[in-house]
Amino acid sequence: MSIPAYKQIKDVLTEEIRQGKYKPGAVIPSVNRLSEMFGTSRNTAVKAVSDLVHEGIVYTVQGKGTLVRDLKNPKAVLHKRKGNSTVP
């Protein structure tokens, strides 16, 4: 049984964040770009990014993209909703 494509994308992004490729506050690739990079549908990339948002690893800012959360700052783990964005 193979690993679902969304999980592969999520795992790669998580590892790249952990290794410092994407620093806190950095924008990760868009879902369109991720779907091109991994050869998947846009919906698959959306699922991967949505899971990362739900886990508190990244957050979205309307008009800016999806940014890496500063996990070393305890206040960054807490977030509040503002419009259609999730901000630290």
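## Helices and the overall fold

Helices are DSSP runs of H or I with at least four residues, numbered from the N terminus. Leu 52 has its place in one of them, helix H3. The model is predicted.

The protein chain holds four helices and four strands. Read from the N terminus, its elements run α-α-α-β-β-α-β-β. The chain has 88 residues, and 34% of them count as buried. Its accessible surface comes to about 5,900 Å². Carbon and sulfur atoms own 54% of that surface. Among contacts with a separation of 6 or more, 47% join residues 24 or more positions apart.

## The nonpolar core

In soluble globular proteins, nonpolar side chains tend to be buried together. Here, the largest nonpolar core has 15 residues. Leu 13, Ile 28 and Val 58 have the most contacts inside this core. H1, H2 and H3 are the elements that give two or more residues to the core. H3 gives the most, with five residues.

Leu 13 shows how parts of the chain meet. Leaving out residues up to four places away in sequence, Leu 13 touches Tyr 22, Ile 28, Pro 29, Leu 34 and Leu 52.

## Helix H2 and its buried face

H2 covers residues 31-38. Val 31, Leu 34 and Ser 35 are buried in this helix. Seen down the axis of H2, the buried residues fall within an arc of 100 degrees, so they line one face of the helix.

What covers these buried residues? Helix H1 (5-19) and helix H3 (42-54) are included in the cover. After H2 comes Gly 39. Its phi is positive, near 65 degrees.

Is Leu 52 buried or exposed? Its relative accessible area is 0%, and buried means under 20%, so Leu 52 is buried. Leu 52 touches Lys 10, Leu 13, Thr 14, Ile 57 and Val 58, not counting residues up to four places away in sequence.

Val 68 lies 16 residues from Leu 52 along the chain. The C-alpha atoms of Leu 52 and Val 68 are separated by 9.6 Å.

Lys 10 lies in helix H1. Its relative accessible area is 11%, under the 20% cut-off, so Lys 10 counts as buried. Which residues does Lys 10 touch, not counting residues up to four places away in sequence? They are Ala 48, Asp 51, Leu 52 and Glu 55.

Glu 16 is found in helix H1 as well. Its relative accessible area is 18%. The cut-off for buried is under 20%, so Glu 16 is buried too. With residues up to four places away in sequence left out, Glu 16 touches Lys 21 and Tyr 22.

## Aromatic rings

How many aromatic pairs does the structure hold? The count is zero. A ring does take part in another arrangement: Lys 47 lies over the face of Tyr 6. The distance of Lys 47 from the ring centre is 4.9 Å.

How values were computed: Residues are numbered from 1 along each chain as its sequence is written. This is a predicted model: local features need pLDDT of at least 70, side-chain atom pairs count only at pLDDT 80 or more; totals for chains, interfaces and linings use all residues. Side-chain values use heavy atoms; hydrogens and water are left out. Buried means under 20% relative accessible area, exposed over 50%, partly exposed in between (1.4 Å probe, protein chains only). The arc is that of the directions from the helix axis to the C-beta atoms. Contact means heavy atoms within 4.5 Å. Accessible areas come from the Shrake-Rupley method with a 1.4 Å probe; for residues, only the protein chains shown count as cover. A nonpolar core is a set of buried Ala, Val, Leu, Ile, Met, Phe, Trp, Tyr and Cys residues joined through side-chain atoms within 4.5 Å. Rings of Phe, Tyr and Trp (its six-membered ring) pair if their centres lie within 6.5 Å; planes under 30 degrees apart count as stacked, over 60 as edge-to-face and the rest as tilted. A charge sits over a ring if NZ of Lys or CZ of Arg is within 6 Å of the ring centre and within 35 degrees of the ring normal.
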